[in-house]
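Here is a short walk through one structure.

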Amino acid sequence: MFQVKLNLPKDPHDVLAGMWTSLIMWFFYALIPCLLTDGVAILPAPQNLSVYSINMKHLLMWSPVILPEETVCYSVEYQGEYESLYNSDIWIPSRWCSYTGGPECDITDDITATVPYNFRVRAILGTQISSWSILEHPFNRNSTILTPPGIQVSKDGFHLVVELKDLGPQFEFLVTYWRKEPGTKEQEKVVRSVGVPVHLETMKPGATYCVKAQTLVKAIGRSSAFSQAECVEALAWALPLVLALLAFLGFTLVLVVVPLFIWKMGRLLQYSCCPMVVLPDNLKITNSPQKLISCRREEVDACAVSVLSTEDLLRTWI
């Protein structure tokens with residue numbers, strides 16, 4: 001037969017002392033995590049870090065930390081290639097996301113070279129912080145997705161014109177254009193100015209021209225696929241020829257008629273204001289002035305003045 005011997009405390013004070021001891025130990029074990037983190041409770045760390053990059057615009061994203069009735073913020077830091085190789089303990093706060101409220105961060109301005117970058121994110125809630133979550137694979141901007149540029153092809157008279165959508169200062173565009181006829185060769189032109197119409201070629205009347213373009217980024221040595229070709233048709237000869245002929249006739253008319261009109265008006269004004277009078281021969285002076293003055297007095301006195309009556313005047317007029 002087995003005998004079981006129980007040692008029960010005989011004094012009630014021993015029971016109370018044991019309970020207090022257990023309570024103190026439980027409180028101590030509960031306090032250990034806080035003591036290990038300098039009095040700061042631990043939040044869940046953000047998960048599923050990834051970078052979405054298109055046309056040199058880079059966005060770091062992660063799964064949000066969800067707490068009931070709480071708004072969790074985040075802090076983002078990064079390392080470039082130099083820090084990763086020589087100063088692995090140094091992390092640089094992101095320019096725009098050292099403290100952000102959303103589960104994403106625009107890291108475009110943080111990435112200034114074509115080298116691998118490491119990123120890490122942690123959650124913040126008041127005085128509580130989470131551990132860091134690190135991007136699984138370093139990000140290099142040469143992995144960005146390049147899309148074909150948006151183009152608008154038009155014609156200005158006989159000029160082929162293209163306008164490209166602006167994607168940023170790092171972008172150039174290779175524009176390819178050709179006349180849509182058998183045997184014609186494609187021509188290329190690198191365009192750096194965007195947002196303004198760019199002249200490509202003078203079109204032949206009645207011909208159709210097509211244009212396509214691709215994106216170039218020298219910083220990463222890559223290019224996009226070509227855009228869909230857009231075509232325009234030049235005007236035929238009939239209408240432009242008529243317009244050119246009318247313009248030429250109008251210009252010629254102006255050059256001939258206007259000077260002729262000015263000359264004619266000048267002549268009219270000259271005859272109206274300052275007419276030229278030709279004296280008859282009997283009024284022209286042919287003798288010396290001295291001979292005209294030497295008029296004998298007796299000849300002057302011989303001049304008789306006769307006064308005609310009204311009846312004689314009427315009879316003479318009739």
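E7 and strand E8 (residues 128–130) pair in the antiparallel sense over 2 bridges. Strands here are DSSP runs of E with at least two residues, numbered from the N terminus, and two strands pair if DSSP finds at least two bridges between them. Ile124 has Ile129 in E8 as its bridge partner. The hairpin of E7 and E8 has 2 residues between the strands, and Gly126 there takes a positive phi near 65°.

This is a predicted model: local features need pLDDT of at least 70, side-chain atom pairs count only at pLDDT 80 or more, and totals for chains, interfaces and linings use all residues. Residues are numbered from 1 along each chain as its sequence is written, and side-chain values use heavy atoms, with hydrogens and water left out.

Strand E4 (residues 73–79) pairs with E7 in the antiparallel sense over 7 bridges. Here Ser75 stands opposite Arg122. Strand E9 (residues 133–134) also runs antiparallel to E7, joined by 2 bridges. Val121 faces Ser133 in E9.

Now the largest pocket. A pocket is an open set of points on a 1 Å grid over the protein atoms alone, where a 1.4 Å probe fits, with protein on both sides within 12 Å along at least five of seven lines. The volume, the space filled by probe spheres set on the points, is about 180 Å³. Of the 14 lining residues, Met56, Lys57, Thr108, Pro169 and Gln170 are the closest to the centre; a lining residue has an atom within 4 Å of a point.

Conventions
Helices (H or I, at least four residues) and strands (E, at least two) are DSSP runs, numbered from the N terminus.
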